[in-house]
Amino acid sequence: MTDPAAVQWWCSALGATWNWEWQPYPGVWLFMLLFAAAYWWLARRLTAGADTTRTPWRTVAAVAGVICLWLTLDWPVGKLGAGYLASVHAFQFVMLAMIIPPLLLFGIRPQAVARLAARPRLVRVISVLTVPFPSMIVFTIVMVATHVPSVVDGLMVSQLGSFGLDMAWFLSGLSFWWSLLVPVPARPRFVPLLRIVYLFFGTLAHLFIAMWLLISRYPVYATYELAPPFTGLSPLDDQQVAGGVMLALGSTFILLSVTIVFFRWLGVGAERDEPTAPDGFATR
Amino acid sequence: MPYSLFQRMARWAFVPRRRIDRLTLAVAATAGTVILAGCGSPSPALATDASGYHGTMLPAPVEKPAVVLTRMDGTPYDLRAETDGYLTLLFFGYTNCPDVCPVHMAGISAVMAQMTFDETRRMKVVFVTIDPERDTPEKLGPWLAQFDQRFIALTGDSATLHDAQTELGVTPAVKDTTATGATGYAMAHAAQVYAFTSDNLAHMVYPFGTRQKDWADDLPRLVNERWGADSTVAVNAAAMGSPSTSASPGVLR
């Protein structure tokens with residue numbers, strides 16, 4: 001365990017009594033700074049000179065994604081999730097793997113995507129990292145592996161381990177959701193039925209994990225079971241709330257996504273801000 | 001529609017072999033690193049020894065302290081007489097304890113809630129305060145009852161509490177004024193629960209870090225096993241006792 005008095009660069013389980021005293025996490029700030037800069041470049045610079053007046057929702061999604069990412073990683077959510085409450089840990093998982101990536105990806109304007117085609121190297125990297133079937137497998141493996149009790153208990157006690165866990169969720173989430181929201185040049189269109197199938201199978205594991213947390217007779221994670229209590233929730237109650245958060249928040253979001261895909265398939269609410277596709281690939 | 005649905009699926013599902021190999025390697029390496037990193041770290045769960053118990057075997061069984069403590073209603077409580085023949089879990093703690101005491105009590109309580117009535121009626125959980133100044137009956141009683149109404153809260157004068165801990169072989173609790181906070185001061189005290197079986201001897205202790213599933217495995221066995229001169233468990237326990245497997249009686253939290 002790290003000295004509770006020492007400044008941490010990333011939230012991890014300390015085993016110290018919880019207090020509401022604000023703590024700085026420089027690693028979170030640095031990550032957010034670098035990420036926001038890269039995202040700004042991708043979302044904005046590539047659209048320089050393009051008509052972006054018809055994409056207000058994409059701006060909202062982009063800003064919401066960045067803000068949610070910061071709030072999920074920084075104090076107090078980050079600290080609570082790292083070492084005190086399994087329910088907050090589950091909330092972080094749902095946010096980092098299932099809600100923030102689609103928000104950020106939706107925030108990338110079609111004009112920026114169209115101009116990506118002019119950067120073959122970048123396109124090649126993105127293309128390899130977002131191949132749907134492997135992305136789905138990676139997403140599932142990461143989801144399952146990062147909920148194994150010995151993995152969670154082993155990683156959460158160190159800042160590097162906790163950072164690795166957060167990044168594994170976030171990056172695998174980006175890879176998984178990319179295929180659904182951002183087209184990749186020279187790749188066939190992802191037809192709606194395939195999108196629904198992809199969403200269903202890609203997020204199936206989270207249902208089983210949520211159910212497992214809900215029906216376990218005893219707390220499965222030592223990190224949260226042995227953490228100094230500071231709420232009226234018992235460790236088992238907290239774990240059941242965690243399962244509930246995954247089911248309620250995660251499943252609702254998935255269901256919403258499937259519904260959107262379905263109705264767009266039917267032609268209802270089709271996106272109107274697509275640019276013409278001079279380079280031959282569609283943007284949805 | 002340039003492709004049939006199956007053609008599309010095939011193109012999506014199968015990427016060039018060279019690319020798959022790289023991706024597979026990357027995935028396997030990432031997953032392997034994550035799993036190995038987790039498994040390589042010490043797990044807080046207690047290991048099971050040859051007896052099958054998760055508790056730490058004592059080098060030699062320990063007798064119950066021969067002390068008369070005080071119930072919350074002020075009546076005397078002869079520890080040996082009142083708990084004779086019961087599985088007795090004895091713990092010294094205090095209500096301002098931020099971690100060890102509530103975690104132990106919550107764990108035992110959660111497991112007892114899953115045990116049968118016949119099992120729980122043959123056991124007693126005794127919580128002795130080591131901070132009688134602050135743990136008044138008005139405070140200690142309700143605090144302990146929030147975990148389980150059956151738990152027995154006891155107090156006593158400083159000399160009696162000191163003797164009880166010394167008889168067990170633990171370092172008597174002391175005030176830790178360096179750890180001041182909203183509660184004023186902390187108490188450095190033994191962090192383990194002593195499990196006295198039906199032969200009125202403690203063969204093992206449960207340190208901080210004992211999980212609920214460890215209690216769930218051990219408590220029914222501790223209640224139901226025969227303990228005493230003819231007990232194979234007791235013989236095995238005594239035979240296994242060694243300095244390397246014994247709990248440090250002076251662990252302070």
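## Confidence

Chain B has an average pLDDT of 80, and 69% of its residues score at least 70. Residues 1-44 of chain B have a pLDDT below 50, and this stretch makes 50 contacts in the model beyond near neighbours in sequence. The structure is a predicted model. For the complex, the predictor gives an ipTM of 0.84 and a pTM of 0.84.

Where pLDDT is low, the predicted coordinates should not be read in detail.

## Helix 13 of chain A

Helix 13 of chain A covers residues 235-265, 31 residues in total. From first to last C-alpha it reaches 44 Å, close to the 45 Å expected at 1.5 Å a residue. After the helix comes Gly267(A), which has a positive phi near 95 degrees.

The buried residues of this helix are Pro235(A), Leu236(A), Asp238(A), Gln239(A), Ala242(A), Gly243(A), Met246(A), Gly250(A), Phe253(A), Ile254(A), Ser257(A) and Val261(A). An α-helix has 3.6 residues a turn, so residues three or four places apart point the same way. Within chain A, the buried residues of helix 13 pack against helix 4 (86-106), helix 9 (159-181), helix 10 (192-202), helix 11 (204-215) and helix 12 (222-225). They also pack against helix 8 (212-224) of chain B.

## Nonpolar surface patch on chain A

A nonpolar patch on the surface is formed by Leu193(A), Val197(A), Phe200(A), Phe201(A), Phe262(A), Phe263(A), Trp265(A) and Leu266(A). Together these residues have about 750 Å² of accessible area. Helix 10 and helix 13 of chain A are the elements that give two or more residues to the patch. Helix 10 gives the most, with four residues.

Phe201(A), one of the patch residues, is found in helix 10 of chain A. Phe201(A) counts as partly exposed because its relative accessibility is 44%, between the 20% and 50% cut-offs.

## Val62 of chain B

Val62(B) is found in strand 1 of chain B, which spans residues 56-63. Its relative accessible area is 15%, so Val62(B) is buried, the cut-off being under 20%.

Leaving out residues up to four places away in sequence, Val62(B) touches Glu167(B), Leu168(B), Phe196(B), Asn200(B), Leu201(B) and Ala202(B). Leu201(B) is 139 residues from Val62(B) in sequence, but the two are 5.4 Å apart in space, C-alpha to C-alpha.

Technical notes
Residues numbered from 1 in each chain as written. Chains lettered and ligands numbered in written order. Predicted model: local features only at pLDDT ≥ 70, side-chain atom pairs only at ≥ 80, totals over all residues. Heavy atoms only, no water. Expected span 1.5 Å × (residues − 1). Buried < 20%, exposed > 50% of the residue type's maximum accessible area, 1.4 Å probe, protein only. Contact = heavy atoms within 4.5 Å. pLDDT = per-residue confidence, 0-100. Patch = residues over 30% accessible without salt bridge, like charges linked within 9 Å, V, L, I, M, F, W, Y side chains within 5 Å. Areas by Shrake-Rupley, 256 points an atom, 1.4 Å probe, with all protein chains shown as cover. Salt bridge = Lys/Arg side-chain N within 4 Å of Asp/Glu carboxyl O.
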